[in-house]
Amino acid sequence: MSGPRQHADPLIAYAAELRAALPGPARAASRMVEEIHHGLLDATDAYVREGMPRTDAARRAVRDFGSVAELAPECRRELALAQTRHTARAAALCAPLLLVCWTLARPALGAGAAPLAVLAAVSTLLAAAALAATGGAPARRFHVPEALPRLIAWTGTGASAGMAAATLALACTAAVTAQWPLLLLAGALSAASHAVLGTSVRVSRRCLVPADVRPGHGNGPGACAE
Amino acid sequence: MKTEAVRGHLDGLLLAALEDGPLHGYAIITAVQERSGGVLELRTGTVYPALNRLERLGLLASDWQSVGERRRRCYALTGAGRRSLADERTGWRQFTAAIGAVLDPSAPAGSAPATGGRAPLGPVRHRPAT
């Protein structure tokens with residue numbers, strides 16, 4: 001497996017290597033790398049103003065920043081937690097949809113609609129726990145467990161799979177009952193919940209890829225000498 | 001001062017650098033280094049994920065600003081950030097006073113470095129015993 005192609009400009013090469021080492025939410029990762037790249041440009045400009053040739057200044061700025069191997073783990077952790085919060089918000093959006101599903105399906109299915117209420121409860125708990133543990137005042141008081149992003153990613157995956165199963169069950173039941181319009185509507189809402197949560201948990205799972213199997217995270221331009 | 005020694009105080013240093021107003025990432029790094037008289041060594045890249053973390057915790061707020069072709073993310077202290085900075089300062093003063101009392105028992109009590117309302121960013125210096 002080869003790393004990203006090395007660019008002649010050490011700043012662009014550094015940014016490319018860092019971006020390649022950051023799986024997960026593409027937009028957030030790109031913004032983080034953009035911010036760091038512009039920080040490198042600022043640092044380079046400062047050395048140039050001191051009289052250093054631009055190429056040397058860029059290499060010095062990269063050296064000051066630390067290698068990608070040093071920087072990537074902290075960036076990955078922040079991105080994983082940002083995505084965990086995104087998944088929690090998706091779960092919070094799903095909970096009311098699933099409660100509407102349950103309300104629609106209960107007249108036709110009776111106790112058979114209970115799994116929808118369970119999914120709504122799981123979504124609510126998932127959202128509340130993840131949001132409280134990763135942001136604001138509670139997160140300032142307590143250390144975020146390292147396993148939290150993994151826990152939320154897989155719990156969310158389970159809930160998303162449950163929503164897909166509920167969609168299928170509602171669609172099948174609608175085909176053989178007189179109350180099919182309500183069940184179809186419930187199925188559509190369940191499918192929407194699955195789409196919302198499923199998209200987010202897929203990205204959350206990508207954040208869990210171990211750092212040492214990603215390309216281009218070793219001693220790259222960050223380790224280059226002046 | 002070594003990077004490892006600074007790391008444990010990074011949050012307080014970043015909050016203190018933003019006390020006088022919003023700054024972008026590199027300006028924060030420069031402010032910390034200037035206020036420490038160049039004594040503190042930072043792996044400057046690690047400041048950026050730390051700023052992201054402080055924003056996630058609600059201690060900072062940020063917005064993107066364009067300066068020419070360069071886009072910069074500017075950070076500002078929130079109310080919670082100011083309270084956290086005050087707590088950091090109190091904790092630091094108690095810590096330096098306690099350590100100073102042990103390491104330099106001949107120094108008069110309460111000779112921890114004056115801060116003049118700013119976080120002490122440099123190494124601890126005690127007045128020599130007279």
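How many bridges join β2(B) to strand β3 of chain B, and in which direction do the two run? In this predicted model, eight bridges link β2(B) to β3 (residues 70–77) of chain B, and the two strands run antiparallel. Within this pair, B:Q65 stands opposite B:R72 of β3(B).

The pairing belongs to an open sheet in chain B. The sheet holds three strands in the order β1-β3-β2, and the pairing is antiparallel. Each edge strand, β1 (23–24) and β2 (60–67) of chain B, has a single partner strand, so one side of each is left without a neighbour in the sheet. Strands of a sheet pair through backbone hydrogen bonds, either parallel or antiparallel.

A record annotation covers part of chain B. UniProt, in an unreviewed entry, places the feature "domain: Transcription regulator PadR N-terminal" at residues 14–86 of chain B. Over residues 14–86, chain B is 45% helix and 25% strand. The end C-alpha atoms of this stretch are 13 Å apart.

Chain A was examined next. Chain A contains eight helices and zero strands. From the N terminus on, its elements run α-α-α-α-α-α-α-α. Chain A has 226 residues, of which 46% count as buried. Contacts in chain A were also sorted by sequence separation. Among those between residues at least 6 apart in sequence, 76% join residues at least 24 apart.

Chain A is divided into two parts, domain 1 and domain 2. Domain 1 of chain A comprises two segments, 10–75 and 210–223. Domain 2 of chain A spans 85–206. The C-alpha centres of domain 1 and domain 2 of chain A lie 38 Å apart.

The two chains also touch each other. In the interface, 17 residues of chain B are in contact with 23 residues of chain A. On the side of chain B that touches chain A, the elements giving two or more residues are α3 (25–35), α4 (47–56) and β3 of chain B. The largest share of this side, five residues, comes from α4(B). By class, the side of chain B that touches chain A has seven charged, six polar and four nonpolar residues.

Note on methods: Residues numbered from 1 in each chain as written. Chains lettered and ligands numbered in written order. Predicted model: local features only at pLDDT ≥ 70, side-chain atom pairs only at ≥ 80, totals over all residues. Domains from an automatic or database assignment. Pairing = 2+ DSSP bridges. Helix = DSSP H or I, 4+ residues; strand = E, 2+ residues; numbered from the N terminus. UniProt positions renumbered as here; feature names shortened; annotations may be inferred. Contact = placed C-beta atoms within 7 Å. Nonpolar A, V, L, I, M, F, W, Y, C, P; charged D, E, K, R; others polar. Buried ≥ 20, exposed ≤ 12 C-beta atoms within 10 Å, placed from the backbone.
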